[in-house]
Amino acid sequence: MGADLDGFAIVVEGLVKRYGRIVAVNGVSFRVGYGEVFGFLGPNGAGKTTTIHVLATLLRPDGGRVMVAGRDVVRDPVGVRRSIGVVFQDPSLDGELTGYENLYLHGRIYGLRGGLLEERIEEMLRFVELWEHRDRLVKYYSGGMRRRLEIARALLHRPRILFLDEPTLGLDPQTRAHIWDYIRKMHREMGVTVFLTTHYMEEAEALCDRIAIIDHGKIIAEGTPEELKRMAGNDIVYLKIRDVKPGVCGFFEDLALECRELPGGRIALKVGDAVKSLPGILLRARDKGLEVLEASYHRPSLNDVFLLLTGREIREEGPMDMIKAVVMSRRWRR
Amino acid sequence: MSEALDALIVMAYRQLKRFRRGRARIVSSIVNPIIWIVFFGLGWSNVFNFPMARMIFGGLDYLSFLTPGVVAMSVFTASFIGGITVIWDKQFGFLKEVLVAPAPRWATILGRIMGDSVIAVLQGLIILGLSFPVAHSLNPWGVPASILYMLILSLAFTGVGVSLALRITSMEAFQMIISFLMLPLVFLSGAFYPLKYMPDWMKIIAYVNPLTYTVDGIRYWLAGVSSFNPYLDLAVLSGLAAIALVVAAKLFSRTALD
């Protein structure tokens, strides 16, 4: 291993993992720098959890090399385990113990004890706002509380790298936003490197510095959310104009990268940033005496990227980020 | 090393803590042996109430003969079933928390086995305490020595139970294996009737049955009657416990997720 790998929290090269004949992870390579929030985005069964389990030393890879915190997961699993915290997709708390006892147990297994351990437990329980519930048995916790306790537990021993496997799976939208806040706060305040998996695009976009899109055990795209969305093309502004005449596109030549006239009196303008271009476009339309009946824009989402690369939707729910602005033409005329 | 010891202690502590909370488990683990002593023991003790009857049981009244057997049985059962908690941990996910920890695996599994063993011995002691008023020939000074036998028996069979549970994924399969093994082993241990009256083929099984040596050893220290040298009993049990613990530790060290 060269010195060039030292700066990386995670280095994965050609990772392969099979279950019998099924290849769950098929030659995956990526690197995560210290302090980064890196996400695996992909549909269920894409190989996300398998990858996290290999990285967390719970599964042996069938091929490739995996270094976590500078240590090889096969040759030095204990060294890796010392540097990581893991929040599994399925619950892994002891429901018959209280929240406090779960953290105490964890701390002792990780070699913490005495006053230091008590301080850390209080700090972490306050961090996830469970201090008041510390003496309740975990089996009486709600789903969101359990997830928060798991996060607190995973951070108790101050790992350098935190793995989060679908951190908000099965939680309601409010609780999900709440968990996102904790993850952001934790990353900001503790500077921990985060590797997370998710099949929620919004989650990947909201939390990750960089995202790898994974499908059928292979990474099909990697980059910042902005870079990825650019792959799916530019923003598009749609205008519906009353009594549109052919050649209307000529008015917008300098404002758009491309303009196309659509049936039904609509035109589509390809732009760099729809939100910033829209006022200028509407002003131009007024100057040229065009009556704008409707204005809307479409911004490519990570779902569009996935659609572009695989021909499928990442999940069944429709995209949430199609924002439509309908503007009454009269207001613009005055 | 102190890290390993910490992990071992805290895993034992967890088992104790969980047990203390599980009231139902405490009650059921005590009720069953009491049923044996009262309904089986008291019943037969009236049958064996004729002059020469004590000759059959090495000079003991039947309840004094039976009690060490039932105590050993209850420790044995509690230990073996301790393995079920490993399957629970698999199903409820807690096992992953232990697997991903840097603490040595042998320490975490040994701690858990020790915790479960202490619980099993406590159960045995409760049964023993409750039996003293009806079993007249028991010697209270033999209790500390019998605790040693119970503890080693328990380490051995918790080790066996945990090893089985690590290999088995379904609760049903585990329970099936247990019910297949448990009753025959109890009947062929000399807990209910003396070894020397068994048919030869049964004797052979009894001699390879580890429970036999526990019943024998505990009976020696509590009632002064035994078929073997009590130190031989101890040696056999210790050997078995050592093997079971090493196997459990090895299996757990190699455990990965399925």
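Start by selecting residues 210–215 and 218–223 of chain A: these are strands β9 and β10, and they pair in the antiparallel sense over five bridges. A word on terms: helices (H or I, at least four residues) and strands (E, at least two) are DSSP runs, numbered from the N terminus, and two strands pair if DSSP finds at least two bridges between them. Look across the pair and you'll see Ile214(A) standing opposite Ile219(A) of β10(A). The two strands make a hairpin with two residues between them, and His216(A) in the turn has a positive phi of about 50°.

Before moving on, some housekeeping. This is a predicted model, where local features need pLDDT of at least 70 and side-chain atom pairs count only at pLDDT 80 or more, while totals for chains, interfaces and linings use all residues. Residues are numbered from 1 along each chain as its sequence is written, chains are lettered from A and ligands numbered from 1 in the order in which they are written, and side-chain values use heavy atoms, with hydrogens and water left out.

**Stop two: chain A as a whole**

Zoom out to chain A, with its 11 helices and 14 strands. Its C-alpha atoms fill a box of roughly 80 × 45 × 35 Å along the principal axes. Of the 334 residues here, 51% are buried (buried means under 20% relative accessible area, exposed over 50%, partly exposed in between, with a 1.4 Å probe and protein chains only).

**Stop three: a four-stranded sheet**

Now pick out the open sheet of chain A that runs β2-β1-β4-β5 with antiparallel pairing. Its edge strands are β2 (22–33) and β5 (71–72), each pairing on one side only. For β1 and β4, select residues 8–19 and 63–68 of chain A; five bridges hold this antiparallel pair. Click on Val12(A) and you can find its bridge partner, Val66(A), in β4(A). As you look along a strand, remember that in a regular strand the side chains alternate between the two faces of the sheet.

**Stop four: His106(A)**

Select His106(A), which sits in helix α3 (residues 99–109) of chain A. Is His106(A) buried or exposed? His106(A) counts as buried because its relative accessibility is 2%.

**Stop five: the cysteines**

How many disulfides does a search of the whole structure find? There is one over all chains, a disulfide being a pair of cysteine sulfur atoms within 2.5 Å. Select Cys249(A) and Cys259(A), and you'll see their sulfur atoms 1.9 Å apart. The link of Cys249(A) and Cys259(A) is left-handed, with -70° about the S-S bond. The partners are 10 residues apart: Cys249(A) is in the loop between β11 (235–241) and β12 (258–262), and Cys259(A) is in β12 itself. Cys249(A) is buried at 13% relative accessibility, whereas Cys259(A) is partly exposed at 23%. While you have cysteines on screen, take in Cys208(A), which is buried at 7%.

**Stop six: Glu291(A)**

Next, go to the loop between α9 (274–287) and β14 (292–298) of chain A, where Glu291(A) lies. Glu291(A) is buried, with a relative accessible area of 14%. Show side chains and look for the 2.9 Å polar contact with Arg242(A) (a polar contact is a pair of N or O atoms within 3.5 Å; within protein, one must be able to donate a hydrogen and the other to accept it, and residues adjacent in sequence count only if both atoms are side-chain atoms). Asp243(A) is 48 residues from Glu291(A) in sequence, and their C-alpha atoms are 8.2 Å apart.

**Last stop: the pockets**

A pocket, on a 1 Å grid over the protein atoms alone, is an open set of points where a 1.4 Å probe fits, with protein on both sides within 12 Å along at least five of seven lines; lining residues have an atom within 4 Å of a point. The largest pocket has a volume of about 1,100 Å³, a volume being the space filled by probe spheres set on the points, which are joined across faces, edges and corners. To find its centre, select Trp88(B), Asp89(B), Lys90(B), Gln91(B) and Phe92(B), the nearest of its 46 lining residues. Which helix gives the largest share of the lining? That's α4(B), with nine residues.
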